[in-house]
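Here is a short report on one protein structure. Keep the sequence and the 3D view at hand as you read.

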Amino acid sequence: MKCKTCGGKAVVNMRQHNLALCKEHYLEWIPAQTARFIKKYWMFGPDEKILVAVSGGKDSLSLWDILHKLGYTADGLYIGLGIDGGFGYSKESHRLAKKFADDNGLTLHVVDMEETYSFNIPVLSEISARGHGKPCSVCGMAKRHEMNRIANQLGYDVLATGHNLDDEAAVLFGNTLTWSKDYLLRQKPVLDGHDGLARKVKPLCRFYEKEMTAYAMLRGIEYIYDECPFSVGSTSIYYKELLNQLENERPGAKLSFYLNFLDARDKGLFAGDVEKEEIPLHICPTCSQPTMYEGKCSFCRMIEKARGLNE
Ligand code: Q46
Ligand code: ZN
Ligand code: ZN
């Protein structure tokens with residue numbers, strides 16, 4: 001297999017794009033494509049300050065690397081969730097995020113849940129009894145809250161996450177199975193900010209997971225291979241496996257599922273529906289972050305409940 005650009009030995013063959021590339025040209029292609037998506041979806045301009053949510057995994061570290069390479073001002077945010085799973089998941093992912101920042105001279109902000117709020121995610125999840133024994137709903141809420149708080153407090157224009165096409169296609173598949181219109185309306189490469197809610201962007205949303213793995217490996221990025229222990233057996237992993245079966249038979253199916261959805265929505269699939277995002281938000285009196293309903297936000301209510309129970 002030969003590189004389409006230079007005719008040298010190809011190291012990556014992307015059947016879905018009918019494109020094979022050598023290491024050098026693959027490492028140019030990914031950032032160039034990312035720059036194209038950033039422009040196409042109006043994610044951010046060259047002078048905006050970006051906060052990248054960094055988990056220590058291949059996607060978020062690659063995203064940080066690419067933005068840095070493209071010349072953007074992008075700092076990282078690592079949230080210490082306090083998850084162990086028998087192999088020190090949080091400790092190791094923190095170490096790798098910090099190593100990447102140090103090696104590249106980048107700024108990494110760190111929020112440790114236990115230091116800041118006295119409880120780590122598994123404990124908060126047990127106390128709050130949300131999510132039927134799985135900490136993911138508490139974890140998701142806490143991450144959203146903290147990412148927005150830090151973006152606001154430190155004056156970032158935009159929050160970038162490393163969601164790839166496999167993530168987006170799995171979420172889309174789940175929401176389509178249940179026709180969850182509110183979620184389908186909100187699933188976009190860019191969610192505009194308003195009322196204290198930071199703009200959120202997903203610059204990698206059109207890259208297959210295996211394309212990001214290849215990028216991270218060819219770039220020599222050290223990342224945590226293990227997934228969060230709580231992701232084992234999750235529905236989203238099951239949907240990813242199903243979509244991979246489809247993709248194996250029909251290369252490009254995953255990408256066209258996602259892109260045709262974006263296209264259909266742009267053409268008015270949900271015309272007339274009001275986006276929840278656009279409903280005016282209230283301000284939480286405790287943390288000053290935006291919230292859907294009047295009074296304290298659900299994150300602050302959860303923390304208060306946990307503190308109360310522990311007194
Ligand atoms: S939500 Fe759940 Fe993830 Fe939090 S507890 Fe782990 S699997 S990290 S994306
Ligand atoms: Zn080449
Ligand atoms: Zn609050």
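## A lysine ahead of strand 1

Is K9 buried or exposed? K9 counts as exposed, because its relative accessibility is 71% and the cut-off for exposed is over 50%. One point to keep in mind is that this is a predicted model.

K9 sits in the segment before strand 1. Leaving out residues up to four places away in sequence, K9 touches M1, C3 and C22. Take C22 as an example. K9 and C22 are 13 residues apart along the chain, and their C-alpha atoms are separated by 5.7 Å.

## The zinc site of ligand 2

Which residues coordinate the zinc ion (ligand 2)? The donors are C3, C6 and C22, each through SG, and H25 through ND1.

For comparison, the ideal angle for four tetrahedral donors is 109.5 degrees.

C6 lies in the segment before strand 1 (12-14), while H25 is in helix 1 (residues 23-40). The pair therefore ties together parts that are 19 residues apart in sequence. C6 is partly exposed, at 45% relative accessibility. H25 is buried, with a relative accessible area of 14%.

## The zinc site of ligand 3

What holds the zinc ion (ligand 3)? C284, C287, C297 and C300 coordinate this ion, each through SG, at 2.3 Å. Their spacing along the chain is C-x2-C-x9-C-x2-C.

The site of ligand 3 is tetrahedral, with angles of 103 to 117° among its 4 donor atoms.

## Aromatic rings

How many aromatic pairs does the whole structure hold? A search finds 11. One of them joins W29 and F207. Their ring centres are 6.1 Å apart and their planes meet at 70°, so this pair is edge-to-face. W29 belongs to helix 1, and F207 to the loop between strand 8 (199-201) and helix 9 (209-219). The two residues are 178 residues apart, and the pair links distant parts of the chain. W29 is buried, with a relative accessible area of 16%. F207 is buried as well, at 1% relative accessibility.

Another edge-to-face pair is Y223 with Y225. Here the centres are 4.8 Å apart and the planes are at 65°. Y223 counts as buried, at 9% relative accessibility. Y225 counts as exposed, at 64%. There is also an aromatic cluster, formed by Y26, W29, F37 and F207.

## Charges over rings

The charged end of K40 sits over the ring of Y41, 5.7 Å from the ring centre. For K49, the ring belongs to Y156, and the distance to its centre is 4.4 Å.

In what order do the 6 strands of the open sheet run? The order is 5-4-3-6-8-7, and the pairing is mixed. Strand 5 (108-112) and strand 7 (190-191) are the edge strands, each pairing on one side only. As a general rule, strands of a sheet pair through backbone hydrogen bonds, either parallel or antiparallel.

Strand 3 (residues 49-53) has 4 of its 5 residues buried, so this strand is largely enclosed by the rest of the structure. Strand 3 runs parallel to strand 4 (residues 73-80), and 5 bridges join them. Within this pairing, V52 has G76 in strand 4 as its bridge partner. Strand 6 (residues 158-160) and strand 8 also run parallel, joined by 3 bridges. There, A160 is bridged to V201 of strand 8.

Finish with K202, in the loop between strand 8 and helix 9. Is K202 buried or exposed? K202 counts as buried, at 17% relative accessibility. Setting aside neighbours within four places in sequence, K202 is in contact with M43, T161, H163, E168, K188 and P189.

Notes:
Residues are numbered from 1 along each chain as its sequence is written. Chains are lettered from A and ligands numbered from 1 in the order in which they are written. This is a predicted model: local features need pLDDT of at least 70, side-chain atom pairs count only at pLDDT 80 or more; totals for chains, interfaces and linings use all residues. Side-chain values use heavy atoms; hydrogens and water are left out. Donors are N, O and S atoms within 2.8 Å of the metal (3.2 Å for Na, K and Ca); water is not among the atoms, so sites may look incomplete. Buried means under 20% relative accessible area, exposed over 50%, partly exposed in between (1.4 Å probe, protein chains only). Rings of Phe, Tyr and Trp (its six-membered ring) pair if their centres lie within 6.5 Å; planes under 30 degrees apart count as stacked, over 60 as edge-to-face and the rest as tilted. A charge sits over a ring if NZ of Lys or CZ of Arg is within 6 Å of the ring centre and within 35 degrees of the ring normal. Contact means heavy atoms within 4.5 Å. Two strands pair if DSSP finds at least two bridges between them. Four donors count as tetrahedral if all angles lie between 85 and 135 degrees; four count as square planar and six as octahedral if opposite donors are over 155 degrees apart and all others between 65 and 115; anything else is irregular.
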